[in-house]
Amino acid sequence: MQRGYRPLEPEVTTDLTGRQTYAGYLQLDTLLAAQRPLSDHHDELLFIIAHQVTELWLTLLSHELRSAMGLLAADDLSPALKRLARIKHIQRQLFEQWGVLETLTPVEYAQFRQVLGDASGFQSAAYRSVEFMLGNKLPAMVAVFDHDPAAQRRLQDDLQAPSLYDEFLRLLARRGLPVPAERVQRDWSEPYVAHDGVVEVLRQVYADTERWWDVYETAEELVDVEESFQLWRFRHLKTVERIIGHRRGTGGSSGVGFLARALDLTFFPELLTVRTEIG
């Protein structure tokens, strides 16, 4: 037998007529027909695919966040922790793929940037949904999607629902921890405001991890999610900076300046503040 030759196993299905195929199951005809550059520049395809892949990961991230929030609401922490672990792996993929986009030089991007028009990642409904579920509630953002009523309805629902952190605090309250009532019964569409009473609750958890082990573990998973998101934001900023410098973004934002301000946002503030109280 020729070295390196691997014969096809006889059990492998080769007659696919009328069968469920790989391409059919994944709808590859649709998926792979969605890359339609508007210029003849070689690097536009990279730009399109990088952003399409990001949208797919964000869609999965939303799916896992919704599940994690539902499990927290049902006091089912073990599978919720599994969801959070997967979320961190998804975040890692989102972080790493900036490296591919960073191979796009300023000269290359400038040759097709004009075809983007007003298109900007700022307009990503999937991203905005993730931000809402993580707690960065910004009601004014819903109006950006007036042109897409279906997306706007989904975002309105996410805006008015408890965030991941809200569900965590509600779980702590159901466990008998003295979470301030105004943090578990409030207008969910408003941004979360840190409370010293929540810091004290978390201090109690961290002071007795044996008693509150599953809650403590969940708290640390949430810190991981927050840190991963902040690293993703920072990598986004650095990618934009190296490609367009300090020019305005395509959607009209200030570009790097706009992204830099997002680094000051936090989803789970007391989980960071409590560290000053430990020990």
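This is a predicted model: local features need pLDDT of at least 70, side-chain atom pairs count only at pLDDT 80 or more; totals for chains, interfaces and linings use all residues.
Visitor: Why does Gln27 count as exposed?

Guide: Its relative accessibility is 52%. Exposed means over 50% relative accessible area, buried means under 20%, and partly exposed is in between (1.4 Å probe, protein chains only). The value for Gln27 is 52%, so Gln27 counts as exposed. Residues are numbered from 1 along each chain as its sequence is written, and side-chain values use heavy atoms, with hydrogens and water left out.

Visitor: Where does Gln27 lie?

Guide: Gln27 is in the loop between H1 and helix H2 (28–31). Helices here are DSSP runs of H or I with at least four residues, numbered from the N terminus. Gln27 also has a positive phi of about 50 degrees, although it is not a glycine.

Visitor: How do you know whether Asp75 is buried, exposed or partly exposed?

Guide: Asp75 has a relative accessible area of 40%, so it is partly exposed. You'll find Asp75 in the loop between helix H3 (44–73) and helix H4 (77–96). Its phi is near 60 degrees, a positive value in a residue other than glycine.

Visitor: And why is Gln52 called partly exposed?

Guide: Gln52 has a relative accessible area of 27%, which means it is partly exposed. Gln52 sits in helix H3, and its C-alpha atom is 8.9 Å from that of Ala34, 18 residues apart along the chain.

Visitor: What makes H4 and H12 roughly parallel?

Guide: The axes of H4 and helix H12 (residues 213–244) come within 10 Å and cross at roughly 15 degrees. Axes are lines fitted to C-alpha atoms, for helices over the stretch in contact, and angles run from 0 to 180 degrees between N-to-C directions. Angles under 35 degrees count as roughly parallel, over 145 as roughly antiparallel, 65 to 115 as roughly perpendicular and the rest as oblique. H4 and H12 are therefore roughly parallel to each other.

Visitor: What makes helix H9 mostly covered?

Guide: In H9 (residues 164–174), eight of the eleven residues are buried. Among them are Leu164, Tyr165, Phe168 and Leu172. Just after H9, Gly176 takes a positive phi of about 100 degrees.

Visitor: Finally, why is Tyr25 called exposed?

Guide: Tyr25 has a relative accessible area of 61%, so it is exposed. Tyr25 lies in helix H1 (residues 22–25).

How values were computed:
Helices (H or I, at least four residues) and strands (E, at least two) are DSSP runs, numbered from the N terminus.
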